[in-house]
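Here is a briefing on one protein model. Please keep the sequence and the structure in view as you read.

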Amino acid sequence: MRVLLVEDDDAVAGALGAALHRVGLAVDRAADAEEGWCKHGDASLVLLDMGLPDSDGLALARRIRAASEVPIIAVTARRGESSVVAALQSGVDDYVTKPYSTQVLLARIDAVMRRSGRGVVIGDIRVGDLVLEPQEQRATYDGALLDLSPKEFALLLVLAQNAGHVVTRAALMERIWHTTWVGGSRTLDVHVASLRAKLRHAELVETVRGTGYRLRDTG
């Protein structure tokens, strides 16, 4: 599957492109609206920033939608209700505001593609020698199968989707245990310790004191 990322910010495009590559998606980047228009015909999905240097993203969304049924997700810093309504009316299929977690964006991509009848698209996640297969709930490290519990796999999946970036304790508790109760974070520590032992490379899961955990990006 090929994703067209229409984003003028080099840093944002680089980080997002790397995250998409990590889950097996091919990425083309366009730095402005005209380049986005020229490249959209080869895309399976368009991720569209609304603030482009040569044209408003809304205009590009309308132009693409008039010519194609390719799914479009607006990825933008514009948070106002009127901005969301205008984007949806222009033809985008979903709207994600910055800053966002990689996990949320991947879930939105997956949902949009399924609604469009194009199927589940999120593939294997690779971080160095670590490979996760979300559909099979299977993980290997250096070719060896990891014997993970469902919660350990979910924890590793969130960390891998955000490899190189800190995931806060609160975010992990909410995404995996569906709670915001800080007192339950001892459970998180136990699962991290078990995960490190099973990886046999404890240094891969780094503790960021007072904040959370980070999976070292060895890719």
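The protein divides into domain 1 (2–116) and domain 2 (125–215); such bounds come from an automatic or database domain assignment. The domain centres, taken over C-alpha atoms, are 28 Å apart. Six residues of domain 1 and nine residues of domain 2 make the contact, where contact means heavy atoms within 4.5 Å. The model is predicted: local features need pLDDT of at least 70, side-chain atom pairs count only at pLDDT 80 or more, and totals for chains, interfaces and linings use all residues. Residues are numbered from 1 along each chain as its sequence is written, and side-chain values use heavy atoms, with hydrogens and water left out.

**Largest pocket**

- The largest pocket holds about 330 Å³ of space. A pocket is found on a 1 Å grid over the protein atoms alone, as an open set of points where a 1.4 Å probe fits, with protein on both sides within 12 Å along at least five of seven lines. Grid points are joined across faces, edges and corners, and the volume is the space filled by probe spheres set on the points.
- Its lining counts 15 residues, each with an atom within 4 Å of a point. Ala15, Leu16, Tyr100, Thr102 and His165 lie nearest the centre.
- Helix H1 (residues 10–22) is the top contributor to this lining, with six residues. Helices are DSSP runs of H or I with at least four residues, strands are runs of E with at least two, and both are numbered from the N terminus.
- Eight lining residues are nonpolar, five polar and two charged. Ala, Val, Leu, Ile, Met, Phe, Trp, Tyr, Cys and Pro count as nonpolar, Asp, Glu, Lys and Arg as charged, and the others, Gly among them, as polar.
- Domain 1 and domain 2 each supply at least three residues of this lining.

**Second largest pocket**

- The second largest pocket has a volume of about 200 Å³.
- Eleven residues line it, with Gln103, Leu106, Ala107, Asp110 and Gln161 nearest the centre.
- Helix H5 (102–115) gives the most to this lining, six residues. Helix H6 supplies at least two.
- The lining has six nonpolar, three polar and two charged residues.

**Four-stranded sheet**

- Strands in the order S6-S7-S8-S9 form an open sheet with antiparallel pairing. Two strands pair if DSSP finds at least two bridges between them.
- S6 (125–127) and S9 (144–145) are the edge strands; each has a single partner, so one side of each lacks a neighbour in the sheet.
- Helix H6 (residues 150–161) packs on this sheet and touches S6, S7 (130–133) and S8. The direction of H6 makes about 115° with that of S7. Axes are lines fitted to C-alpha atoms, for helices over the stretch in contact, and angles run from 0 to 180 degrees between N-to-C directions.
- S8 (residues 138–141) and S9 are joined by two bridges. Thr140 has Leu145 in S9 as its bridge partner.

**Three-stranded sheet**

- A second open sheet has the order S10-S12-S11, again with antiparallel pairing.
- S10 (167–168) and S11 stand at its edges, each with a single partner strand, so one side of each is left without a neighbour.
- Four bridges pair S11 (residues 205–208) with S12 (residues 212–215). Glu206 is opposite Arg214 in S12.
- S11 and S12 make a hairpin with three residues between them. Gly210 in the turn has a positive phi of about 80°.
- Two bridges pair S10 with S12, and Val167 is opposite Tyr213.
- Helix H8 (residues 185–199) lies across S11 and S12, at about 150° to S11.
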